Amino acid sequence: IFISPKFDAGSEFHEGIALVILEKSRYYIDTLGQFLPTPELEDAELFYEGLAAVKFAGRYGFINLTGLWQIQPIFQQAFGFKEGRARIKRNEKWGFINRQGQMVIPAKYENADDFSMGLAMVQLNGLYGFVNTSGSVQIPCLFDMATRFQANGSAEVQQNGQFFFLRYYRCSNTGHATLAH
């Protein structure tokens with residue numbers, strides 16, 4: 001794919017759409033270099049699972065691959081969909097919505113990360129743990145620090161000054177976690 005260099009910056013194509021910057025404004029283009037019809041965007045992310053988190057009029061929402069609003073801009077902050085859930089910030093707390101914009105994991109966390117391996121890292125009362133896509137706590141918030149799970153099924157955690165690797169084994173809807181030094 002070759003598109004003449006008329007943009008100030010641009011991303012790679014993701015799901016057939018690239019994010020470009022032209023004169024300090026953000027736009028989306030298709031593989032032919034045609035602009036998607038979008039409102040004037042203050043911030044924008046790549047498309048994931050057919051939707052992109054965008055900031056318009058000071059709030060974040062999600063547009064679809066045709067540039068139309070799928071989820072209206074009502075959030076303080078938002079990130080792209082992973083495993084059917086998007087991380088959003090509302091009233092200074094983090095939670096997760098589904099593709100219809102319904103809150104499926106309440107915005108009650110101080111911090112959160114995207115889903116990976118069926119789990120998302122969350123922070124509650126200063127400690128980190130992990131929830132599944134339905135919001136059930138799979139690994140309680142017991143850690144001083146945690147990273148998201150990698151493809152090999154491990155996440156790094158810290159507890160009482162010691163670092164561990166947390167291994168998670170998922171069997172259908174249940175999981176089992178073990179700590180390893």
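Reader: Is Glu 15 buried, partly exposed or exposed?

Author: In this predicted model, Glu 15 lies in the loop between strand E1 (9–10) and strand E2 (17–22). Glu 15 has a positive phi of about 60°, although this residue is not a glycine. Its relative accessible area is 38%, and values between the limits of 20% and 50% define the middle class. Glu 15 is therefore partly exposed.

Reader: Which class of accessibility, buried or exposed, applies to Glu 92?

Author: Glu 92 is placed in the loop between strand E9 (85–90) and strand E10 (93–97). Although not a glycine, Glu 92 has a positive phi of about 70°. Its relative accessibility is 51%, and the class in question begins over 50%. Glu 92 therefore counts as exposed.

Reader: Why does Gln 123 count as buried?

Author: Gln 123 is found in strand E13. Beyond its neighbours within four places in sequence, Gln 123 is in contact with Tyr 109, Glu 110, Asn 111 and Tyr 128. The buried class requires a relative accessible area under 20%. Gln 123 counts as buried because its relative accessibility is 13%.

Reader: Which element gives the most residues to the largest nonpolar core?

Author: The largest nonpolar core has 13 residues, and those with the most contacts inside it include Phe 130, Ile 139 and Phe 149. Two or more residues come from each of strands E13 (119–124), E14 (127–132), E15 (137–143), E17 (154–159) and E18 (162–171). The element that gives the most to this core, with three residues, is E18.

Reader: Which leucine residues does Phe 149 touch, not counting residues up to four places away in sequence?

Author: Phe 149 is among the residues with the most contacts inside the largest nonpolar core. Its partners include Phe 130, Ile 139 and Tyr 168.

Definitions and conventions: Residues numbered from 1 in each chain as written. Predicted model: local features only at pLDDT ≥ 70, side-chain atom pairs only at ≥ 80, totals over all residues. Heavy atoms only, no water. Core = buried A, V, L, I, M, F, W, Y, C linked by side-chain atoms within 4.5 Å. Buried < 20%, exposed > 50% of the residue type's maximum accessible area, 1.4 Å probe, protein only. Helix = DSSP H or I, 4+ residues; strand = E, 2+ residues; numbered from the N terminus. Contact = heavy atoms within 4.5 Å.
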